[in-house]
Amino acid sequence: MREGRDGPVVISAAAVLHPACGTLSDLDHLLRRGRPAGATRSLDGPPVTAWAGRRAPLPPRWRERLSSVVGRATLPTRSGGWTAVQAVVAARLEPDVLSRAVVVIAGAQPALDYQYGAVREFVRGGHAPARHVGNCFETDCLGAVSDLLGARGEGHVTGAASASGAVGLIEATRLVADGHAETVVVVAPVQELSPLERAAFVNSGAMSADGDVSACRPFDTRREGFVHQQTAAAVVVERAGAAVRRGVRPLTAVAGHAVRLDGRRGSAPDAEGQVTAMLAALASAGLRPEQVGYVNAHATASRVGDPVECVSLHPVSGGVPVESRPLVNSTKGILGHGLGPAGLVEAVVTAVQLAGGYAHPNPGLRESVDARIRLVGTGTTAHRSRLALSNSYAFGGVNASLVLAALPPP
C-alpha cells in the first residue's frame, strides 16, 4: 500500500471492552499473563459496565452523553457507544474533525438475544413497544454513534459474520487511503446470541458446550469448539501525520489487506480461499511471505476449521525449518470468541503485541494438530518482528487478512 503525503494509514487509537479488561493496559497485561479469561460473562448489567467505567473513566460531558443517547438502548448499541467514545477520546479528536468523520459499524444483526426476547414477549402477550422499530435494526448503533460523536459524514454497516471486524477495518483503510475520508471511526459492537443460536452452534459442533474460556483450545488435538464471550471494540483510522500533529502516537500501520470469497455457500472452511486472501494482503503491502514474523490466526478451536487453517498457513510459512517460520497464536484461547467483533479485537491485540515485542501464549495447547506450524507454546514468547498478519474467516466463505506494521520509535 502506497503511503500518502501525510504518512501511512494507521490505527491511531483503540478501545476494547471485555469482562476481563476495560483498557489497552488491562488487555496488554491479560495477554502477557496468557491465561484464559475464565467463565464467560455478559457485559450487560451494572457490575461489568460500572467496572469498565471505573477502569477507563470518561470526562463528565461524555458520560452524560452516553447516558442520554444510549442509556436505554440494546446491549450492542450501548457497547458500541462506549467503545466509540473511548477511542475518540484517546485519539484527541476535536468536534470539527468528528463532524466530518465517517462511521463504520462492523457487524450485522448484533442484537439477536434482544430480538429473541422481544418475539417471546409479543407471542406471549401481544406487546410491541414502539421503540422496537429502532432497536431491531443494526443501524441503531450507527445512529447512536453518529449522535454521540456529532458525526455527519458517510456511515454504514458492514456485515461479514465472524470476519465483520476485519472487513470493517479494511473498509475504513480504503476510505482513508483513497482520499474519501480523513477520519474513520470503526465500531464493532457486542454480538449477542439467543438460546436458539447457542443451541444450533453446539449441535453443529462449532461451539463448545462448556461455558469457560479454558475449554477453547485452538490448534490442540483436544479442541471441541469455540467459547462465546461478549466483546466490543472501536478504532480510529486516519493518516499518521494527522495523529502526530495532535500529539497522538498511533498504535500500528495498516500496511496491507484483502478479502476473498470461497465461491461456495456454507460453513466449511477452504484452505485455498484463506491462502488467496493472505497472499493478496501481502502483495498489497509489497511484502513477501517470509517477511512476516507473526500470525494472529482466526483459529476458533473448531474440529474442522483448525486443521484447514494449518494447511493454509504453509504457503505463508515458506520452505524453511519450523524454528524459522512465523510465530502463530490464537487470541480466542484467552479472550474467547466474540464473533462479529473478533476481527477488530484481534487486530488491536496484534498491534499491542507488535508494540510490546512479544507473542502471547496458546494456553490450551498440549498436542498440536500440525507440528509444521510454529505455534507459540503455553508461555509468552519474546519476538521483535515488525510485521504481522491478522486473519479472520467467516461462514459463507469470507476470508479477510490484514497486514499490520509496527511503527518506528518517535
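Reply: Start with charge. Lys and Arg count as positive, Asp and Glu as negative; His and the chain ends are left out. This is a predicted model. On that count the chain has 40 positive and 34 negative charges, and their mean positions are 4 Å apart.

Me: What makes the chain as compact as a globular protein of its length?

Reply: First, the make-up: the chain has 15 helices and 12 strands. Its radius of gyration is 20 Å. The globule rule gives 22 Å for 410 residues. The two values are close, so the chain is as compact as a globular protein of that length. The C-alpha trace spans about 60 × 55 × 40 Å along its principal axes.

Me: How much of the chain is buried?

Reply: Buried means under 20% relative accessible area. Buried residues make up 57% of the 410 residues. The accessible surface comes to about 16,500 Å², and 53% of that belongs to carbon and sulfur atoms.

Me: Why is threonine 23 called buried?

Reply: Its relative accessible area is 19%. The cut-off is under 20%, so threonine 23 is buried. Threonine 23 sits in the loop between E1 and helix H1. Leaving out residues up to four places away in sequence, threonine 23 touches Arg55 and Ala56.

Me: What makes strand E1 mostly covered?

Reply: Of its 9 residues, 9 are buried.

Me: How do you know that E1 pairs with E5?

Reply: Pairing needs at least two bridges. E1 and E5 share 8 bridges, in the antiparallel sense, so they pair. One example is alanine 13, whose bridge partner in E5 is valine 236.

Me: And why does E6 count as a partner of E1?

Reply: E1 and E6 have 2 bridges, also antiparallel. At least two are needed, so this is a pair. Isoleucine 11 has threonine 252 as its bridge partner in E6.

Me: Is glutamine 109 buried or exposed?

Reply: Exposed means over 50%. Glutamine 109 has a relative accessible area of 56%, so it is exposed.

Me: What about leucine 339: buried or exposed?

Reply: Leucine 339 is at 7% relative accessibility, so it counts as buried. Phi of leucine 339 is positive, near 65 degrees. Leucine 339 is in the loop between helix H14 and helix H15.

How values were computed: Residues numbered from 1 in each chain as written. Predicted model: local features only at pLDDT ≥ 70, side-chain atom pairs only at ≥ 80, totals over all residues. Heavy atoms only, no water. Helix = DSSP H or I, 4+ residues; strand = E, 2+ residues; numbered from the N terminus. Rg over C-alpha atoms; globule rule 2.2 N^0.38 Å. Buried < 20%, exposed > 50% of the residue type's maximum accessible area, 1.4 Å probe, protein only. Areas by Shrake-Rupley, 256 points an atom, 1.4 Å probe, with all protein chains shown as cover. Charge placed at Lys NZ, Arg CZ, Asp CG, Glu CD. Contact = heavy atoms within 4.5 Å.
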